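Welcome! Try each task yourself before reading its solution.

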Amino acid sequence: MSGFRQRPFEKGIAQPSRSCFEGRTAGGIALSIASSGCSGIQSALDPAGPQAAHIESLWWLMVWVSAAVLLLVTLATLYAVSHGRQARGLDAEPEATPDPVAERKRALIVAIPVGMTIVTLFGLQVASFTTDRTLASLSTDNAVVIDVIGHQWWWEVQYVETTPSLRVTTANEIHIPVGQPVVLRLQSNDVIHSFWAPNLAGKKDLIPGHETTFSFKADRAGVFRGQCAEYCGYQHANMGFLVIAEPPEQFYAWLKKQRAIPPPPDDPIRQHGQEVFLASTCSLCHTIQGTPAAGKVAPDLTHIAGRQTIAAATLPNTPGNRAGWIVDSQRIKPGNRMPPNPLTPQDLQALLAYLGDLQ
Amino acid sequence: MSTATTAPAVSDTSQERRQLERTWSDPPGFYGWLISVDHKSIGKRYIITAFAFFVLGGLLAVTMRLQLARPENHLVGPDLYNQLFTMHGSTMMFLFAVPVMEAMAIYLVPLMVGTRNIAFPRLNAFSYWVYLFGGLMLYTAFFLNSGPDVGWFSYVPLAGPEFTPGKRADFWAQTVTFTEVAALTVAVEIIATVFKLRAPGMALNRMPLFVWAMLVMAFMVIFAMPAVMLSSTMLIMDRLVGTHFFNPAEGGDALFWQHLFWFFGHPEVYIIFIPALGIISSIVAAFARRPVFGYLAMVLALVATGFTSFVLWVHHMFATVVPGMGKGFFTAASMMIAVPTGIQIFCWITTLWTGRPVTKTPLLFVLGFFFILVLGGLTGVMLASVSLDSQVHDSFFVVAHFHYVLIGGAVFPLFGGFYYWFPKITGRMLHETAGKWNFWLFFIGFNLTFFPMHQLGLEGMPRRVYTYSEATGWGDLNLMATIGAGLIALSVLVFILNVLWSLRRGEIAGDNPWRAGTLEWATSSPPRNDNFDFIPAVAAHEPLWEQKEEPAKTVGLSTEVREVLITTLLDARPDHRLTFPDPSIWPLLSAIAVSILFVGSIFTPWAVVWGSIPVTFALIGWFWPKPGKPKRTCRWKSRHDP
Amino acid sequence: METVHKLSALAYPVAVVLLLSGCEREERRFREPPPATTAIESIRLSDLQPGVPTPAPAIANPYEENAYALAEGKRLYSWYNCVGCHFQGGGGIGPPLMDDQWIYGSEPQNIFATIVQGRPNGMPAFGGKIPAYQVWQLAAYVRSMSGLVPKAAAPGRNDGMSVKKPEASVKGQPPKKTGRPP
Amino acid sequence: MTHDQDIDVSNLPSYAFDSRGLMWWGTLGIIAIEGTVFVLVLAGYFYLRQRTAEWPPGGLPTPELLWGTLNTVVLLVSLIPNYWTDRVAKRHDLRGVRIGLPICLGFAVVFLIIRVFEFGALDIRWDNNAYGSIVWTILGLHTAHLVTDAIDTAVLAVLMFTGPLEGRRFSDVNDNAFYWYFVVLAWIPIYAVVYLAPRWL
């Protein structure tokens, strides 16, 4: 891939999911589901909030019931074909009309597993409905309301405020306060996307012409990865995002920082970098508050340096990756909307310096 | 029972037989092959073509598995990968699964109900040609880099005019039209055949379960497929003539597509699954050496499944904006559809339990079905739960699930069916040991491929991604899946070699190698042109098991013209003799005309107008009666009195 | 098995015929070597020339055959806010683009130059702001507005208010003689 | 077993009418398919309708009643000649059929002519908005059926004059009428939805 490319999430995000694999090999593949209570930053089985937790417990219930059913059916089948009265092959005279009395007895026996099936399914339904209820009953008082707008292939994130000036816009990274409910208002401007952060909750589609809302809560701090779950075109695979759950005070500090407009660059290099930004294609699509650049069709870069990843949680936000992305993003995400920018080394360095300063 | 083989060589008889066989035979040569309307040759073509598409779709799948074998792989890029999975899904659903099941019906139903050809034989030929041309069009487009890349359910707006430029999605939409036209016509033929062409005495409650399954499938096709034809037509109109069905800004709606599509798409799964149940019933009965336990329950279960499958399409849309109350209903329905399937499984187990099972390859595949399908069914129950679905929906978990139900539920029984009926179709047995290898490679490879996908889904891997970063930790399970895919490919290769070998060297089968009880085994293998030279008279479920000595038969059908016996709907009393059409070129010509219209309409709406003119003429030529040949009154009464 | 041979016997002619029709139209080029960027100088705004009149060098724009490039052009047309002045092609602040009048010439390279250099009375110069291949995509789309590109490649309707016929449905309008700059 | 248990079918007729005949079931199958299409497309109409506040959207006038209503009358009246032709066909009355079929055909043609005005009376194009798209589709679908059946009737009528004649031609007339009944019955809900629903619902 890109020469600049480094492993994503080297900054401590990646490690947890490694342990998944150990857990699995230990369990062996046949047991992989059972043994998969492993931790991961993108796993439905490592809940970080009530919604995901409820679903997980429903999951385990279903797993064990299913395992039992599968075992019974398999054993019954194996016994049926292998038990005593083995035939003398196909020449055995077929039993054209089995004795009706015997058949009636058998009917009664068969009725038992059928009854069990119905009862089991009914039980599972009740379990499922109760879970649906609990999920729906999450209270959303003093919730943080966030607009999430899906684009091919990135996520626009806006923190809703009554006063427009306080409205914070960022991309591909959603900071949320631990222990406080979050309400997402999901919209899409192009095709259908689906918001899915497995550690926190299930998924919800972003459908053009429909606004959907979706609420969840994190009950522990952490960085969780999610990605688009509804096929949305060439870069569906690289339409990721991070949800960063942090203690409220930290979160509000972050929010405050996001509201601040970065000061104009003071040293010549960064000043030149800003000129490059404004003079080149960048400013046609991107916004940097405090500058004339007000493009609305690409991620807001006002605080780009403060984010952990770029290119929709595809690359760690390092200067090297930024450079690679700016110069030739099509090598990293073929088909994405960012044109190549063949800048001179000086211009590129200046631009990187400028962007790197936008904390 | 098989009257023909036991017929004493009385001169006039053999003469009559030859005459009858001549009457029902195709003209020789390639032209004769083109104009054939015999359900056996059409059925064979259908099966071979569908299997060819199965192999193609499989190769696409292997390519995808190779791409996903390791993180950040560069075998194929997103553009090609999107075409690969779209082609794979569309091929397997539209060009393999449904056609191959209908093909089995085309070949077997007339034999099982004891008649000489399928109802509307020319329509049957027509449907094959339309299906073939549709498939060829799709793959030609694919090899011209115009393969659809919007997923096999082509969600709008992605598949709409703004986000998929060019003709790719249009080729998808027209492929659907082609294949649905073929499927719908076959459905009508099956229904008419089952209702009106049954041998005298085969009352509805004596029909083989296989025939019941095909009947239910045919009805489902009739009520489900129009939905997808309508929606794909709306899609192509949005793309080509600027209608606004799916444009939110002008009163359209993206979810409108999803409702229409899944109203077809869910029954579709059962359209594929129910015939498989019929195959299993045939195999289980033959190899347990007794009729399937609980005939009535089995029939009712089939019908119940058919009905229920129409009221659970919304469980594909739980992640959208469907109101909660509605979801509850669909959850209940989606879970409860497991009951009829459960009933059938229990009945089969009882059949095996109380019979004297002989584990030959066909039965082996059925046993594989039991394990895989039950597992797939259970994950299906999980997907029916709104909450749980919200986690695993559109993830690799779902990929695992539907491969368990579709491959386990349809492909395993189908392979069993291939092993079971191959002797009837070709006159030779498939090699047993190779069959065992075929099965075990498939069974192990399958589980190795798809079981890990459950885990991948839970670890957050969405479906339809062409790559994933190493940090996700999805690499190992994906590698495992790819290895499994290799095993499946290997087992299919074994099967193909087995077929090629057995065609030449396979052990001669004889009329009824499995000593089975249904009528298709009452005639020679392969069946003669006229299927049965006397239409048997049926008095039991498994005629060949019940009837010991020389059974009653039907006499008096013409030997000079293709005459079949029409019987009454319920208890199959002889009603009248209908003359069936001779081989004809018009089905092919009509299919060509129709194909020109369909393909042309991808490029200009006017093709619909101008294209309809040749279609009209072809159809007129089709239905214009041939100058009636002189019908000799002499009819073949019996083999003894001339 | 003979069936198979016969089937393929049928398949070949069909395949061959379609192969001849070519597949350039569906190519998705994500990393563009842009078409020869014209020496802007060689593009004339006036028909008058000193010395022996020589015909203007015609530069074909391959994107006009390519559905993806045309769709990209359509997207950029709104992303770079051409809509702001030309609206959906009907014109407003700027001249209409969907008619047969071409002030600065209808050839691809004329449109290219117009976008790159800008023109008096309000057309900004996008030179240096937009990579050349995107200019060519825009040029291709602009010509599609008046039906000057193959129908099978031209864009269909957008998911938005229907304000005009989709480019794929507009009748081709042979360009009138180049008009005069206003 | 001896021969007297064999079933001798040599004296059975060589065709039959209505549900006894095979073609009738074929026709029924086609009707079931097309009926499903109509049901779905009408359901689609109401689905799209509940997506927008006003209907027809954008302050469009409701479709003008004249031509649609006229056509409804034409169709309903056309049931009479079709029923009559059906009856005489069952009586194997060649003269009757030769009179009846052309009349039925005449009705079909008249209907198709009026249909042209109907499309005009919608005063909206299929590419204006979703409402236009769905009503054009509904009318278009029904028109397609009429054209098919008109051609069918025409061919059959010609056959009745030119021959070759067989008994089963009469059962074809019977099936043709059966299909026409469907086309007429399908029209009534369509008329109600396209013309009356926007006014009354």
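**Exercise 1.** Work out how many helices and how many strands chain C has.

*Solution.* Begin by counting elements in this predicted model: chain C holds five helices and zero strands. Next, read them off from the N terminus, which gives the order α-α-α-α-α. Then turn to burial: of the 182 residues in chain C, 37% are buried. Finally, look at contacts in chain C between residues at least 6 apart in sequence; 69% of these join residues at least 24 apart.

**Exercise 2.** Find which strands of chain A form the open sheet with mixed pairing, and explain which of them stand at the edges.

*Solution.* Step one is the order of the three strands, which is β4-β10-β9 in chain A. Step two is to look for strands with a single partner: β4 (173-177) and β9 (222-227) of chain A each have just one, so one side of each is left without a neighbour in the sheet. On average, neighbouring strands here are turned by 25 degrees against each other, direction ignored.

Step three is the pairing itself. Strands of a sheet can pair in a parallel or an antiparallel way, through backbone hydrogen bonds. β4(A) and strand β10 (residues 240-246) of chain A run parallel and are joined by five bridges. Within this pair, Ile176(A) lies opposite Ala245(A) of β10(A).

**Exercise 3.** Describe how helix α6 (residues 121-143) and helix α19 (residues 586-603) of chain B cross.

*Solution.* For two packed helices, the description uses the angle and the distance between their axes. Here the axes come within 8 Å and cross at roughly 35 degrees. The crossing of α6(B) and α19(B) is right-handed. Residues making the contact include Phe126(B), Trp129(B) and Phe133(B) of α6(B), together with Leu588(B), Ala591(B) and Val594(B) of α19(B). Sorted by type, the contact has 12 nonpolar residues, two polar and one charged.

**Exercise 4.** Decide which chains share the most contacts among the five pairs in contact.

*Solution.* The answer is chains A and B. Between them, 87 residues of chain B are in contact with 87 residues of chain A. On the chain B side, helix α12 (residues 338-354) gives the largest share, 12 residues. That side divides into 46 nonpolar, 27 polar and 14 charged residues. For contrast, chain A and chain D do not touch, and their nearest C-alpha atoms are 10 Å apart.

Key. Residues numbered from 1 in each chain as written. Chains lettered and ligands numbered in written order. Predicted model: local features only at pLDDT ≥ 70, side-chain atom pairs only at ≥ 80, totals over all residues. Contact = placed C-beta atoms within 7 Å. Helix = DSSP H or I, 4+ residues; strand = E, 2+ residues; numbered from the N terminus. Nonpolar A, V, L, I, M, F, W, Y, C, P; charged D, E, K, R; others polar. Axes fitted to C-alpha atoms, helices over the stretch in contact; angles between N-to-C directions. Left-handed = near helix turned anticlockwise from the far one by under 90°. Buried ≥ 20, exposed ≤ 12 C-beta atoms within 10 Å, placed from the backbone. Pairing = 2+ DSSP bridges.
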